[in-house]
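Me: Could you take me through the structure below, by way of a few questions and answers?
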Amino acid sequence: MASLSQVLLGPVAALGRATRDALASVGRVARFAGQGIAAALTPPWYPRQILSQFLSVGFYSLPVVGLTAWFTGAALALNIYSGGDRFNASTVMPQIVALGITRELGPVLAALMLAGRVASAMASEIGAMRATEQVDAMVTLSTDPRRYLIAPRLIAATISLPLLTLITDIIGIAGGMQVSHYLIDLAPGIYVTNTVDFITAWDVESGLIKAAVFGFIIGLMGCFHGDNAKGGARGVGRATTSAMVSAAVLILASDYLLTSVFARP
Amino acid sequence: MSVMNKLEWRGVSKQFGAQKVLDGLDLAVAPGRSLALLGRSGQGKSVTIKLALGLMQADAGEVLLDGVDVTHLPARERRASFASIGMLFQGGALFDSLPVWENVAFRLINADGVGRREARERAVEALALVKLAPDVADRYPSELSGGMQKRAGLARAIVGSPSLLFFDEPTTGLDPITAGAINELIRDRVTSLGCTAVSITHDMVSARVIADEVAMLDGGRIVWRGSAGDLDHADHPLVRAFIRGEPLEE
């Protein structure tokens with residue numbers, strides 16, 4: 001029978017264990033990130049691998065990111081028309097759409113789409129390679145898996161997402177423009193002029209900086225969970241889910257932090 | 001004057017949680033000899049090889065390659081030492097995103113800096129040595145049978161003319177005829193290259209063909225060692241049970 005002290009201290013011990021495990025996980029991710037960055041910044045590089053990842057992460061994500069951007073811009077314009085009409089917001093529809101897309105919705109939605117498409121794919125591919133000893137084989141072939149597998153994915157994700165975000169910004173604003181033309185009969189030329197006159201370089205740049213950070217998070221979570229997959233097919237499945245969920249949560253958390261830093265009066 | 005061993009495990013121990021897999025393992029392989037490591041499942045045969053390859057870290061002891069302790073070598077130097085080592089993994093471990101020739105030439109292209117054209121030529125030559133036709137070079141691993149994948153894995157292991165080869169269960173999952181062909185290929189390649197070989201196997205036919213010597217691993221240590229010809233006369237109960245495929249009398 002458990003003693004009184006055991007009963008009382010049990011929850012405290014459980015909390016301590018959970019805290020220790022959480023800190024250990026943070027430490028493992030930080031170490032993995034450090035090794036990945038070092039591998040990405042120092043030779044040898046594998047250009048074919050990097051190019052292949054750019055295609056996979058960036059180019060093949062264009063359709064899904066483009067569609068998301070158009071619908072988001074259009075929906076935002078609709079919301080401004082229907083909800084913002086109460087305080088005459090529809091007159092500044094181009095400006096609100098531009099600000100919302102470039103600063104917030106463009107980078108975040110593009111990143112969330114990539115977290116679903118890319119982080120999970122990275123985790124499952126690397127996890128399957130671990131499970132079938134392909135990563136071990138790479139080591140015995142005198143090739144560092146961090147440089148061959150991890151670094152190209154981190155590089156591609158970190159550079160691709162800002163480029164995708166730039167495209168998202170343009171398509172999102174176009175979506176808003178199309179809706180405003182249909183709803184309030186605003187001429188596309190005037191819409192574009194209003195947008196260009198209003199947004200500043202910093203509106204776009206802050207979104208692109210966010211996107212680079214989000215891209216790194218996506219690559220990191222995909223690679224980390226794949227590299228740590230254990231237990232065969234079930235472990236690979238778990239790694240895939242963990243990569244996607246953790247990337248999405250970290251994207252939203254870092255979005256708040258970055259927005260706090262970037263916020264200017 | 002004694003000849004330096006090609007590979008030696010000296011007092012190596014490895015534990016996973018409460019389970020002690022290797023318990024002060026002492027094992028040496030002389031240059032040019034082929035050793036088969038036998039043992040029941042879960043006795044640490046794969047761990048023994050992975051420790052030598054640096055894919056795991058030993059808790060205690062050292063692994064000497066050409067007399068040099070490789071246990072604590074920095075990763076970069078350890079990878080350099082792999083230049084003289086070839087490994088055939090149990091499942092082949094071919095990279096399924098690459099065609100067969102790029103699998104075979106992987107080390108040449110990515111570690112040795114050989115141009116792709118020359119690397120491909122050498123890969124096709126290596127494939128021929130393991131009796132795979134040139135048209136196999138452009139196929140992907142998923143398009144090959146299990147036996148062909150093993151051959152491609154063997155070609156990848158030998159393409160750099162290594163001085164030390166490891167084979168992890170080279171005939172597992174293959175029919176007897178294909179397994180026999182793989183055994184002959186391994187024996188032929190080991191003899192032609194004049195290299196040292198360490199094989200893990202449960203297959204007694206395979207052990208007799210590919211090995212000069214056989215060692216039985218049990219309880220984390222070598223409990224019997226002899227020439228392949230001595231197997232039938234071994235008086236160790238575990239070796240006898242292994243040869244006859246009978247339950248061990250405790």
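What follows is a short exchange on the helices and contacts.

Reply: This is a predicted model, in which local features need pLDDT of at least 70 and side-chain atom pairs count only at pLDDT 80 or more, while totals for chains, interfaces and linings use all residues. Residues are numbered from 1 along each chain as its sequence is written, with chains lettered from A and ligands numbered from 1 in the order in which they are written.

Me: How many helices and strands are there in chain A?
Reply: Helices (H or I, at least four residues) and strands (E, at least two) are DSSP runs, numbered from the N terminus. On that basis, chain A has nine helices and zero strands.

Me: Is helix 2 of chain A parallel, perpendicular or oblique to helix 6 of chain A?
Reply: Helix 2 (residues 47-57) and helix 6 (residues 145-184) of chain A pack with their axes, which are lines fitted to C-alpha atoms over the stretch in contact, 8 Å apart and at an angle of about 45°, on a scale that runs from 0 to 180 degrees between N-to-C directions. Angles under 35 degrees count as roughly parallel, over 145 as roughly antiparallel, 65 to 115 as roughly perpendicular and the rest as oblique. Helix 2 of chain A is therefore, relative to helix 6 of chain A, oblique.

Me: Which helix gives the largest share of the side of chain A that touches chain B?
Reply: Counting two residues as in contact if their C-beta atoms, placed from the backbone, lie within 7 Å, 13 residues of chain A meet 16 residues of chain B. The largest share of that side of chain A, five residues, comes from helix 5 (residues 134-140) of chain A.
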